[in-house]
Amino acid sequence: EASTLLASASLFAKVKSTNLQQLAAAAESLNLDSGSQLYQQGDKPNYFYLLISGRLRVSSNEELLGYVSRLEPVGEIGCISGQPRESTVTAVRDSFLLRIPRKAYLQFLSADAGNLLEVTQLLIARMREQEQQRRAAATATQGIFAILPTSSAPASSQLLFSST
């Protein structure tokens, strides 16, 4: 049942059961074969998804942004903003999802301040994680260049050049 699956996700753990049942009533099952796209960068955000089983790859301009695992949401930011999708989501393996229309998702968020707070906290956590990843990537691309002597002989001897 959709309400049980939604309640299993940490995103909806603190949501009132009546609000969750309304959201579950709008949910549709979706099977996605390995290699198939859930949506492409630039698509309209018509749905919010919850991955029930499988694994999804998230990329932008063919650059890997991350993965979506079991009971994680995907597409919620686009549904809130109404702007075209900023990423492409592809099934890494056969996946089963719940798909909720944007209108039902927005009604769910506006029905109770607690619903909105849960999603806001998730979005903030994701932004912080992305920022940490960007910082790590910026540091990782910077290399170190060193000139090391190959012996203890005077400076006129051969030098070994190394860079990473």
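Close-up 1. Helices (H or I, at least four residues) and strands (E, at least two) are DSSP runs, numbered from the N terminus. An α-helix has 3.6 residues a turn, so residues three or four places apart point the same way.

The model is predicted: local features need pLDDT of at least 70, side-chain atom pairs count only at pLDDT 80 or more, and totals for chains, interfaces and linings use all residues. Residues are numbered from 1 along each chain as its sequence is written, and side-chain values use heavy atoms, with hydrogens and water left out.

**Close-up 2. The packing of helix α2 with helix α4.** Helix α2 (residues 17–26) and helix α4 (residues 102–111) have axes that come within 9 Å and cross at roughly 175 degrees. Axes are lines fitted to C-alpha atoms, for helices over the stretch in contact, and angles run from 0 to 180 degrees between N-to-C directions. The crossing therefore makes α2 roughly antiparallel to α4, a term for angles over 145 degrees. Asn19, Leu23 and Ala26 of α2 and Ala104, Tyr105 and Phe108 of α4 make the contact, defined as heavy atoms within 4.5 Å. Five of these residues are nonpolar, one is polar and none is charged; Ala, Val, Leu, Ile, Met, Phe, Trp, Tyr, Cys and Pro count as nonpolar, Asp, Glu, Lys and Arg as charged, and the others, Gly among them, as polar.

**Close-up 3. Ala111 of helix α4.** Ala111 belongs to α4 and is partly exposed, at 47% relative accessibility. Its C-alpha atom is separated by 7.5 Å from that of Asn19, 92 residues apart along the chain.

**Close-up 4. The two salt bridges.** The structure holds two salt bridges, each a side-chain nitrogen of Lys or Arg within 4 Å of a carboxyl oxygen of Asp or Glu. One joins the side chains of Lys16 and Asp112 (3.0 Å, N to O). Lys16 is in the loop between α1 (2–8) and α2, and Asp112 in the loop between α4 and α5 (113–141), 96 residues apart. Asp112 is buried, at 17%. Glu28 forms a salt bridge with Arg99, with the closest N and O atoms 2.7 Å apart.

Conventions: Angles under 35 degrees count as roughly parallel, over 145 as roughly antiparallel, 65 to 115 as roughly perpendicular and the rest as oblique. Buried means under 20% relative accessible area, exposed over 50%, partly exposed in between (1.4 Å probe, protein chains only).
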